[in-house]
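I set down here what I looked up in this structure, entry by entry.

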Amino acid sequence: MDTPTTIYIIDDDAAVRDSLGLLLGLQGYVTRVFASAGEFLDACTPDWTGCVLADLRMPGKSGLELQSELGGRGIALPLIIITAHGDVAAARTSLKAGAVDFLEKPLDSAQLLAAVQGALQRDTERLQAADAAARTERLLARLTDREREVLDLVIAGRHNREIAAALGISARTVEAHKARIMAKLGVERLPDLLRLVLPLRKVKTD
Amino acid sequence: MEVLHGRRGGLPLVASYIVAYVLLDWVSYIHPVAPYAITPWNPPPGLSLALLLRMGLRYAPALFVASVLAEIIVRGSASATEILIYGLILACGYTAVAAALRRYPHFDPRIRTLRDLSIFTATVAIGAALIAAAYLAAHVAMGRFSWDQFPAYMLRFWVGDVIGAIVTTPLLLVAAQGWKRARGALTGETVLQAAALVVTLAIIFQAGDVAAPRYFYLLFLPLIWVSVRRGYEGATAALFATQVGLIVAVQLAGYTASSVLELQLLMLALAVTGLFLGMAVSQWHRTRRALERREAELQTVVSTAPDGILTIDDAQRIVAANHAAETMLAATAAQLAGIPLSRIVAGLPGNPAQAHALEARAVRLDGSSFPVELSIGAAAFDGRTLYIGIMRDMSQRRHIEDQLRERDRELNRAMRIAAAAEMASALAHELNQPLTAASSYVQACELMLQRGGEQQRLFEAMSKAVAEVKRAAEVVRRLRDFYRDGTLRAQAVGVDTLIGSVLRTLHDRLERHGVQVTMQLAPQLPPVHVDVMQLEMVLHNLVANAIDSVTGVGGPQREIAIEAAPGPARFVQIAIQDSGPGIDAAVAQQLFQAFATSKATGMGMGLAISRSIVEQHGGRLWLDETRSGARFVLTLPIADGNA
């Protein structure tokens with residue numbers, strides 16, 4: 001799996017965009033610049049990885065509006081807000097809404113790099129979590145219908161005898177199904193099974 | 001007597017009057033110069049006067065009817081012509097007396113004062129003499145008796161009519177007013193007084209025909225008693241009773257006509273004395289009641305007054321203090337009594353009688369003090385002077401004024417801070433953009449230098465950094481220009497509109513400080529060509545300065561005059577003049593330099609910026625030092641196409 005390295009820079013000031021692009025590019029990051037939040041949102045797709053570096057105060061959509069729109073579209077790119085005003089209220093709002101960091105202009109390069117690294121780390125973790133979920137999903141696809149029924153009841157916390165009664169099969173058969181399920185999913189103990197499957201179930205039921 | 005009670009008039013009254021007249025005439029027809037109606041006691045004229053005084057002169061014809069009827073019924077010996085002539089003389093005579101009384105200036109027909117009583121007595125005495133003369137002359141003319149008898153008859157007639165009127169009329173007039181003061185008349189004292197009267201009469205008539213007048217003076221005792229105790233009303237009743245008692249006694253004892261005349265003369269003296277004494281007592285009572293009422297009112301005013309009221313004697317010492325003064329000075333009136341006024345009020349002028357709304361400090365006995373507004377009035381009394389000092393505690397008002405001033409200051413400060421914050425925010429954004437870019441370029445350059453090579457990119461980045469720094473410098477320059485000449489958006493605008501909108505924004509402040517603004521705009525003033533916002537700022541600044549100037553000194557006059565007139569060439573000249581203390585010459589020297597200010601609140605930049613704005617428009621702003629108070633004058637260009 002690749003580590004994301006793309007930084008999307010959004011600022012209405014061309015010189016700021018250009019200079020930040022140059023600086024971060026020299027640090028080895030891939031940079032893409034946008035003159036406004038609207039321009040970025042038009043181009044953005046859910047499979048983008050990396051992080052967003054956006055000015056708080058811009059003509060058109062502000063940094064805060066961008067943040068809420070990204071959330072609405074299910075785009076989980078980490079966001080770093082830049083402001084010229086040291087606006088405490090805006091900083092608090094953006095951080096509560098999930099912004100990774102909050103930087104004041106003029107930018108200190110060490111702080112900027114630390115913030116960018118933090119944001120990219122966040123995105124890496126996000127992608128890893130998504131990868132793990134996809135892998136489990138692939139394993140679950142290999143279960144038979146009956147095995148999936150048994151698994152649902154196991155996750156619901158039922159005992160073997162209850163599962164047997166519910167499905168009209170013997171407890172011994174239930175035991176056999178459970179053994180096959182664990183083998184297919186590559187786990188050896190019941191707690192490991194639950195740890196693997198439960199996060200997915202939660203997502204599904206949401 | 002009942003007939004005169006109230007003011008019912010008309011035929012029943014006339015009929016009652018006539019019956020009463022005839023009856024009285026009949027009853028009093030004693031010791032006559034028979035067969036003429038000349039008796040030593042003749043009350044019917046008293047009845048007639050009471051009727052005319054109380055009900056008006058339109059009842060005069062009733063007098064004629066009554067006297068004619070009485071003549072016929074009581075005596076009935078004369079011819080019809082004679083009866084008519086005598087009736088006419090009596091009716092006309094007493095109508096004339098009543099008319100004279102009613103016409104007398106300020107005479108109250110109810111006889112309420114000593115003056116009324118004096119006028120009544122004198123008029124009746126003179127009138128009765130004239131009537132007697134006419135009546136007797138008519139008799140002589142008719143050949144009834146000779147001129148020899150004239151003086152004796154005259155005296156008898158006069159005494160009878162005067163005593164009749166003086167005893168009867170006041171009684172009837174009092175009765176007509178409803179015996180207001182005679183309620184509870186039958187007290188034990190009244191009985192004693194009546195008994196005294198009877199006993200005195202008995203003593204007098206015990207003495208016999210000849211000696212009786214010698215004891216008459218005894219009657220003065222019960223009468224004075226009654227007059228003093230019961231006033232005029234009591235006197236009228238007692239006199240009537242005495243008269244009736246006298247006549248009854250005389251009749252019972254069978255006194256001679258000459259004795260009766262002598263007694264009636266004494267009775268006249270008694271009546272006049274009793275009535276005047278009684279009236280004096282009544283009037284004194286009335287005056288005392290009025291005084292008590294005034295006293296009560298005054299007392300209430302003094303004790304309710306929220307201002308402290310001090311009574312001060314001519315030695316400038318406090319005599320009395322009201323409740324408010326006690327509260328203010330935290331001392332009782334007893335503690336304050338005898339203390340010199342100068343001990344209580346500091347800073348009094350030499351002659352305290354002339355103080356009016358004087359600002360001073362009141363000092364309590366414990367030494368603490370508070371601001372007061374003091375007024376002192378003087379009253380001459382018994383050759384001495386009495387002062388009344390009224391003091392108003394001003395500490396509350398001062399406190400409120402201070403608070404308002406403080407709030408004004410805070411508002412000013414807050415506004416300036418808000419404006420500064422807004423400016424700082426805009427400035428921060430404007431400056432931070434190029435600074436961010438520049439610092440990023442420079443940091444990129446650092447990286448490139450560390451790595452080596454890349455000469456071309458390094459050079460590019462450095463020149464970009466330099467460009468951004470120049471951009472930052474440009475922002476700073478623009479900011480400076482903004483204050484100097486940057487954004488002049490001139491347009492044609494009326495001077496009245498400009499001044500009007502400035503006064504509107506300052507309306508509350510003007511009102512609160514009680515500042516009067518007078519405007520004097522020359523007619524048909526052409527519009528000026530200015531940046532409205534900037535000029536409003538300038539005028540606002542000048543008027544606000546004027547307000548501070550006139551309110552700072554606390555003088556009585558707080559006036560600002562704004563004048564506008566065509567100035568030199570194509571300019572309009574506006575002057576803002578205040579009634580304040582003016583500007584110190586030393587301060588005036590550097591008035592238009594930035595940060596020069598005479599105010600604690602300090603808008604130091606105000607005048608400097610104002611002048612630069614006005615000059616930017618091609619006009620001028622200066623301080624006119626030839627006038628008292630501060631007078632700032634500015635000129636503004638007239639808009640094109642207007643001259």
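I looked up the bridge partner of L521(B) and found A564(B), in strand 10 of chain B. I treat the model as predicted: local features need pLDDT of at least 70, side-chain atom pairs count only at pLDDT 80 or more, and totals for chains, interfaces and linings use all residues. I number residues from 1 along each chain as its sequence is written, with chains lettered from A and ligands numbered from 1 in the order in which they are written.

**Entry: the sheet.** I take helices (H or I, at least four residues) and strands (E, at least two) as DSSP runs numbered from the N terminus, and I call two strands paired if DSSP finds at least two bridges between them. Strand 8 of chain B pairs with strand 10 (residues 559-566) of chain B in the parallel sense, over 6 bridges. I then traced the sheet they belong to: it is open, has 5 strands in the order 8-10-11-13-12 (chain B), and its pairing is mixed. Strand 8 (516-521) and strand 12 (621-623) of chain B each have a single partner strand and stand at the edges, so one side of each lacks a neighbour in the sheet. On average, neighbouring strands of this sheet are turned by 15 degrees against each other, direction ignored.

**Entry: helices on the sheet.** For angles I use axes that are lines fitted to C-alpha atoms, for helices over the stretch in contact, and the angles run from 0 to 180 degrees between N-to-C directions. Contact requires that the C-beta atoms of two residues, placed from the backbone, lie within 7 Å. Helix 16 (residues 495-505) of chain B lies across strand 8, strand 10 and strand 11 (571-578) of chain B, and runs at about 170 degrees to strand 8 of chain B. Helix 18 (residues 532-552) of chain B also packs on the sheet, where it touches strand 10, strand 11 and strand 13 (631-637) of chain B. The direction of helix 18 makes about 20 degrees with that of strand 11 of chain B.

**Entry: helix 5 of chain B.** Which residues of helix 5 of chain B are buried? I count a residue as buried if 20 or more other C-beta atoms lie within 10 Å of its own, exposed if 12 or fewer, and partly exposed in between, with C-beta atoms placed from the backbone. Among the buried ones I noted F120(B), V124(B), A128(B) and I131(B). Their cover includes helix 4 (80-103), helix 6 (150-176) and helix 10 (257-304) of chain B. Just after helix 5 of chain B, G143(B) takes a positive phi of about 80 degrees.

**Entry: E474(B).** I placed E474(B) in helix 15 (residues 455-484) of chain B. Is E474(B) buried or exposed? E474(B) is exposed, with 12 other C-beta atoms within 10 Å. From E430(B), E474(B) is 44 residues away in sequence and 10.0 Å away in space, C-alpha to C-alpha.

**Entry: the side of chain B that touches chain A.** I find 19 residues of chain B in contact with 15 residues of chain A. On the chain B side, helix 14 (395-451) and helix 15 each supply at least two residues; helix 14 of chain B gives the largest share, 16 residues.

**Entry: chain B as a whole.** Chain B has 20 helices and 13 strands. Of its 643 residues, 33% count as buried.
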